[in-house]
Amino acid sequence: MLGLATGGVLGVGLPSPHPRLDLEVGLALGVQHVAVTAQLAQRPGTAELGFWAPLGAAQAIAAFALSPTLAAIASARVEGAPVRDVLRDVTYCERRGCYPAMRESWAVGGVNAGVALGLRFLFE
């Protein structure tokens with residue numbers, strides 16, 4: 001499977017309750033192209049498919065300055081798109097030839113969430 005994504009990001013710093021704490025939220029919106037090599041169970045041959053799907057994300061970041069050159073970072077991110085069904089005429093081929101095209105329904109999309117903790121070194 002191969003993926004290609006493009007889009008834009010908007011981030012905004014938030015007012016902080018402490019001078020050593022930086023808070024930020026961001027939104028991203030783009031599109032993603034996914035190329036798939038499909039194979040049926042119990043049957044030889046493969047098919048090449050491609051799907052375009054919207055891709056959105058939201059992220060919150062907190063950075064706490066431990067020293068003038070080091071900060072501890074915590075972030076949470078949710079990204080993805082609602083799952084939708086896409087109909088495709090799929091032609092599976094093998095060395096000896098191709099099978100007749102079959103109409104298939106593919107579920108495209110999904111949501112991913114994660115948390116990251118780390119350190120940021122600041123160089124001036």
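With a relative accessibility of 4%, Phe-51 counts as buried, a label given to residues under 20% relative accessible area, with exposed meaning over 50% and partly exposed in between (1.4 Å probe, protein chains only). The model is predicted, so local features need pLDDT of at least 70 and side-chain atom pairs count only at pLDDT 80 or more, while totals for chains, interfaces and linings use all residues. Residues are numbered from 1 along each chain as its sequence is written, and side-chain values use heavy atoms, with hydrogens and water left out.

Phe-51 also belongs to the largest nonpolar core, which has eleven residues in all, among them Val-34, Leu-49, Val-86, Tyr-92 and Val-108. Such a core is a set of buried Ala, Val, Leu, Ile, Met, Phe, Trp, Tyr and Cys residues joined through side-chain atoms within 4.5 Å. At least two residues of this core come from each of E2, E3 and E4, and E3 gives the most, with four residues. Strands here are DSSP runs (E, at least two residues), numbered from the N terminus. Ala-47 is another member of the core; neighbours within four places in sequence aside, Ala-47 is in contact (heavy atoms within 4.5 Å) with Val-36, Thr-37, Ala-38, Val-90, Thr-91 and Tyr-92.

Next come the aromatic rings. Rings of Phe, Tyr and Trp (its six-membered ring) pair if their centres lie within 6.5 Å; planes under 30 degrees apart count as stacked, over 60 as edge-to-face and the rest as tilted. By this rule there is one aromatic pair. The ring centres of Phe-51 and Trp-106 are 5.7 Å apart and their planes lie at 45 degrees, so the pair is tilted. It joins distant parts of the chain, with Phe-51 in strand E3 and Trp-106 in strand E7, 55 residues apart. Trp-106, at 21% relative accessibility, counts as partly exposed.

Finally, Arg-95 sits in the loop between strand E5 (93-94) and strand E6 (97-98), and at 86% relative accessibility Arg-95 counts as exposed.
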